[in-house]
Amino acid sequence: MATAARFLRRTLRASEPASRLLPISYRSIVGRAAYTTGGIIDIGQPTPKSHPELLADEEITPGITSEEYISRRKRLLDVLPEKSLAIIASADQQMMTDVVPYSFRQNGDYLYITGCTQPGGVAVLSKETGLCMFMPDKHKEDVLWEGQTAGVEAAVDFFKADKAFPLSEMKKILPEMIEQSKVVYHNAKASTSSYRNFDAFRRASLNNKVKDLTRYTDELRWIKSKSEIKLMRESASIVSQSLLQTMLLSRTHREESQLAAKIEYECKMRGAQRMAFHPVVGGGANGSVIHYSRNDKKIKTGDLLLMDVGCEYHGYLSDLTRTWPPCGRFSAAQEELYSLILETNKECIKLCKPGASIEEIHRHSVKMLISGFQELGVIGKGKSIQYNYLNPTAIGHSLGMDIHDSTSLSKDRLLEPGVIITIEPGIYIPPVPILNEDAPDRYRGIGIRIEDDVLITESGHEVLTASVPKEISHLTTLMNMDMGGGSSTAEAHEPRAACS
């Protein structure tokens, strides 16, 4: 301990401001020493030196090189009008209590442009200055409680910013940059009071000079690079394997909470950093609640189980839903509805190709489902408006660094190679009428959704979640597989008596 203290004192005495990072008028800013282990500097997130098992040389985040990040910045500047300034704030740290933080997740645009996964920073981009990063000031007490974070040196050396300053200096620098710009763009949803309260920003806003940056970043994020597709394939693979393991567990463990814990465990054990969203684990009528989140009930024998899950793998997300009978077989009413949803899922996936659009695929799904629901008697002839009561969702959405990615783009936007979308038809019939829908009693309390992640390719599409069973015969076989008790194959595939 004494040796470490002496080393820290020597390091602090030896540390000097990195004058090449700052204009001459800011050379007086005090530099900070980062904690080191064996010569490896801790900048608050993995680097190729600290985590060689995760990052190759020249990568800022796993799978994405500094060259790709620099290219993203250039592409953004190329599409912005002349004399524009882009201000991109990181996400704020959200607190569970006054001193206990939630697990932090970075704002997608800030991560996309900088590669920094840490809270508190502000990135400013213009053709005149390049990328300028304002990094959070860190005090010794903060390091004691929260650990090291990236500072101005890391901003230039690791994140490849053209300029970097402590956040405390932003009030001296950013207002002049704002005043010299014709238009100021910012990621409005993540905007922070650290710059919104500047007089220069307020004046720009009053003069209608402040615009939302989202439509430009959404455009850039719409088509995924080869590196991004590789990460999204892995994210889809992780959640697919994990859901399969959870499906097997559901045969013997019927608590929604246990299955929610299982999917998160399996995803993280396979390398995911977190879940993409709170898992939906809806047994029986809970599956008819589209964004069900309580996960606190026991699944009854004979009920279907709907699980909507996704994970995050180094900034890229997956989104997968399957519905199945844990007891081993579908009832007649369940199978009728499931067959229709499955057929719609498969037919809509066939439409996924360059030149199609999410809106076009959605309209096709609505026609299929209305026709099928009317044939089953779920909605009456001439009462197609009731369809919206039973399925108010779209057929799918763009997927990427956010679950609903590139949301400012029109659903009529033509699909192109490199775009990734979901296809997720469903039906949600509550146990008692809520919106005047008049489905027959035999279908009451049934919720079904089948969702896949689909990559648009030059020749058509690739289903990234295709490995997870969804055919009725495959699901019933899976649920009735021999669990190692020594029974014969024929016995193992017999439907369970508990279903009756």
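1. Which residue in β13 is the bridge partner of Val 281? The partner is Met 307. Some ground rules come before the details.

2. This is a predicted model: local features need pLDDT of at least 70, side-chain atom pairs count only at pLDDT 80 or more, and totals for chains, interfaces and linings use all residues. Residues are numbered from 1 along each chain as its sequence is written, and side-chain values use heavy atoms, with hydrogens and water left out.

3. Confidence. pLDDT is the predictor's confidence in each residue, from 0 to 100. Its mean for the protein is 90. A pLDDT of 70 or more is reached by 89% of the residues. Residues 1–36 fall below 50, and this stretch has 42 contacts in the model beyond near neighbours in sequence. A contact means heavy atoms within 4.5 Å. Residues 485–498 also stay under 50, with 19 contacts beyond four places in sequence. Where pLDDT is low, the predicted coordinates should not be read in detail.

4. Overall make-up. The protein has 16 helices and 21 strands. Helices (H or I, at least four residues) and strands (E, at least two) are DSSP runs, numbered from the N terminus. Of the 500 residues, 51% are buried. Buried means under 20% relative accessible area, exposed over 50%, and partly exposed in between (1.4 Å probe, protein chains only). Among contacts with a separation of 6 or more, 70% link residues 24 or more positions apart. The accessible surface is about 23,500 Å², and carbon and sulfur atoms hold 53% of that. Those areas come from the Shrake-Rupley method with a 1.4 Å probe; for residues, only the protein chains shown count as cover.

5. Strand β13. This strand spans residues 305–309, and five of its five residues are buried. Leu 305, Met 307 and Val 309 cover one side. Leu 306 and Asp 308 are on the other, and they are buried too. Two strands pair if DSSP finds at least two bridges between them. β13 pairs with β12 (residues 280–283) over four bridges, in the antiparallel sense. With β16 (residues 320–324) the pairing is again antiparallel, over five bridges. There, Leu 306 has Thr 323 in β16 as its bridge partner.

6. The six-stranded sheet. An open sheet runs in the order β8-β7-β6-β5-β9-β10, with mixed pairing. β8 (163–166) and β10 (210–212) are the edge strands, each pairing on one side only. On average, neighbouring strands are turned by 20 degrees against each other, direction ignored. Inside the sheet, β5 (residues 84–89) and β6 (residues 122–126) run antiparallel and share four bridges. Ile 88 has Ala 123 of β6 as its bridge partner.

7. Helix α2. This helix packs on the sheet and touches β5, β6 and β7 (130–135). Its direction makes about 55 degrees with that of β6. Axes are lines fitted to C-alpha atoms, for helices over the stretch in contact, and angles run from 0 to 180 degrees between N-to-C directions. α2 covers residues 66–79, which is 14 residues. From first C-alpha to last it reaches 20 Å, close to the 20 Å expected at 1.5 Å a residue. The expected span is 1.5 Å times one less than the number of residues. Its buried residues include Tyr 69, Arg 72, Arg 73 and Leu 76.

8. Thr 477. This residue lies in helix α15 (residues 472–479). Thr 477 counts as partly exposed because its relative accessibility is 35%. Its C-alpha is separated by 7.7 Å from that of Gly 328, 149 residues away along the chain.
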